[in-house]
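These are my notebook entries from looking through the model. I began with the chain as a whole and then turned to single helices.

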Amino acid sequence: MADSSGKQAKVLVMDSNPVRARELSHRLRFLNYDPVVAGDGDPIDTSASESGIALVLGDAKDAKLRELFHQVALRQPHLPVLVVNAAQGAEQFDEDLKNRPHWTLDAPIRRSQLTQLLRRAQRYDGTERRQRITGSSRPIRQVRKQIEQVADFDTNVLITGESGTGKELVARTIHDLSDRADKPFVPINCGAIPAELLESELFGHEKGAFTGAVSTRTGRFELAEGGTLFLDEIGDMSLDMQVKLLRVLQEKCFERVGSNETRHTNVRIIAATHRNLTEAAQQGEFREDLYYRLSVFPIAMPPLYKRASDLPQLLNELLIQHQGENAGKLRIGQEALEALTSYAWPGNIRELSNLVERLAILYPSGEIGLADLPAKYRDAANQRPVTAAESQQAQPTTTTLTGVSLKLHLQEIETDLIAKAMAEADGVVAGAARLLNMRRTTLVEKLAKYKLS
Ligand SMILES: Nc1ncnc2c1ncn2[C@@H]1O[C@H](COP(=O)(O)OP(=O)(O)OP(=O)(O)O)[C@@H](O)[C@H]1O
Ligand SMILES: [Mg+2]
């Protein structure tokens with residue numbers, strides 16, 4: 001089955017029985033796939049497993065085959081797998097199948113089931129496979145659930161969240177899980193394109209529509225026809241453009257710039273922004289009617305400090321992404337992990353990803369200790385000396401009668417706010433400190449002082 005670029009999808013066939021493997025490859029070729037047989041001591045064709053769509057396994061009792069699969073599994077954490085005949089002991093693959101898309105094929109293999117499952121596995125190819133939403137913390141489980149709920153509907157989705165939290169990843173995942181998956185996903189960053197060019201970017205233009213329009217141009221709406229249009233940084237769109245967009249959302253039609261011909265459009269809209277659109281609407285910077293249209297199904301991406309329990313999994317995932325062939329050779333030590341867990345991550349996963357990329361270049365193998373981390377991450381683990389101003393703030397010295405009650409009153413407010421911040425940050429001190437705009441070390445002291453931890 002050819003993919004969207006017209007290439008045949010590769011299928012890595014692994015079987016302890018070479019005759020059966022060859023027979024299966026024939027069938028796959030007939031179905032228009034590009035099979036590669038692995039095993040029997042042959043070196044694995046990694047190019048095959050890299051672009052591979054699905055991986056079909058034979059007899060799991062064969063130790064050599066298990067090892068072969070283990071090696072491939074290590075390098076390709078999201079390679080979708082079709083397991084042939086669970087009855088032959090596929091549970092022996094469990095460790096390597098865990099957390100990856102896999103399906104079971106009945107033996108003998110039926111063509112209809114094979115075709116159907118290969119197609120499904122194929123949906124996991126490419127971007128989504130490499131960029132699925134990692135994590136098992138409560139907030140991210142909630143996001144995954146929302147993605148699954150909304151994917152199959154044509155509902156508009158609004159994804160909000162700080163920069164680097166994975167908004168685009170969510171948009172792509174929704175598209176990939178939807179019926180529109182084999183149609184284009186077209187992203188456009190509304191904030192990065194000058195207001196006067198955005199209209200023609202979105203709707204296209206006719207030759208000569210304006211100075212510089214030397215030829216006819218297809219807009220993103222047309223490019224996304226049948227698929228999904230991802231309007232990134234929608235909060236930065238000018239009010240003028242917002243009006244034009246609203247019309248398209250309501251009437252499902254538009255005109256190219258410089259043309260009178262009305263074109264019908266069938267695209268699903270997913271928008272994202274790091275801004276607070278409710279506030280922007282109150283301040284008249286964002287149209288309320290457009291806001292309601294877009295936010296039919298809102299998804300809020302949690303900042304990384306609110307999902308600190310996902311760090312080990314994310315680190316693992318990013319290490320594999322950045323290490324490629326070397327995956328598995330570099331580990332993050334316990335001390336370093338603890339420091340990273342207490343860090344507040346203002347740049348979220350993007351910052352984490354950059355850090356891992358840097359570490360993977362500096363230390364291709366071995367264990368990352370606390371000392372190997374750049375200073376700002378190390379500092380998160382260190383108790384910095386508290387400044388005079390901070391310690392004074394922690395112990396206000398008041399002696400008069402009214403002063404005493406004032407002190408108690410202020411303490412009450414303080415403990416209340418700290419408790420709220422801790423709850424909001426899921427008990428992560430660095431996160432709560434960030435919410436309170438205070439140093440982590442100061443907060444640690446206050447928690448101890450008020451016995452709040
Ligand atoms: N759960 C995740 N697992 C692995 N990588 C992730 C995850 N979420 C995000 N990333 C990676 O983090 C980076 C930032 O993600 P993305 O571009 O989706 O964020 P964003 O919210 O759109 O950020 P920005 O506002 O800066 O555009 C990307 O490289 C993405 O692949
Ligand atoms: Mg983005």
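What percentage of the 453 residues of the chain count as buried? I looked this up in what is a predicted model, and I found that 34% of the residues count as buried.

Next I went to the secondary structure, where I noted 21 helices and 16 strands in the chain. I then took the contacts between residues at least 6 apart in sequence, and I recorded that 72% of these join residues at least 24 apart.

**Entry on α5.** I looked up helix α5, which runs over residues 111–122 and has 12 residues. From its first C-alpha to its last I noted a reach of 16 Å, close to the 16 Å expected at 1.5 Å a residue. I then asked which residues of α5 are buried, and I listed Leu114, Leu118, Ala121 and Gln122. These four cover an arc of only 100° around the axis, so they lie on the same side of α5.

**Entry on α14 and α16.** How is the packing of two helices described? It is described by the angle between their axes and the distance between the axes. For helix α14 (residues 311–323) and helix α16 (residues 348–362), I noted an angle of about 50° and axes 9 Å apart.

Which residues meet where α14 and α16 pack? On the α14 side I wrote down Leu314, Leu315, Leu318, Leu319, His322 and Gln323, which meet Ile349, Leu352, Ser353, Val356, Glu357 and Ala360 in α16.

Key
Residues are numbered from 1 along each chain as its sequence is written. Chains are lettered from A and ligands numbered from 1 in the order in which they are written. This is a predicted model: local features need pLDDT of at least 70, side-chain atom pairs count only at pLDDT 80 or more; totals for chains, interfaces and linings use all residues. Helices (H or I, at least four residues) and strands (E, at least two) are DSSP runs, numbered from the N terminus. A residue is buried if 20 or more other C-beta atoms lie within 10 Å of its own, exposed if 12 or fewer, and partly exposed in between; C-beta atoms are placed from the backbone. Two residues are in contact if their C-beta atoms, placed from the backbone, lie within 7 Å. The expected span of a helix is 1.5 Å times one less than its number of residues. The arc is that of the directions from the helix axis to the C-beta atoms. Axes are lines fitted to C-alpha atoms, for helices over the stretch in contact, and angles run from 0 to 180 degrees between N-to-C directions.
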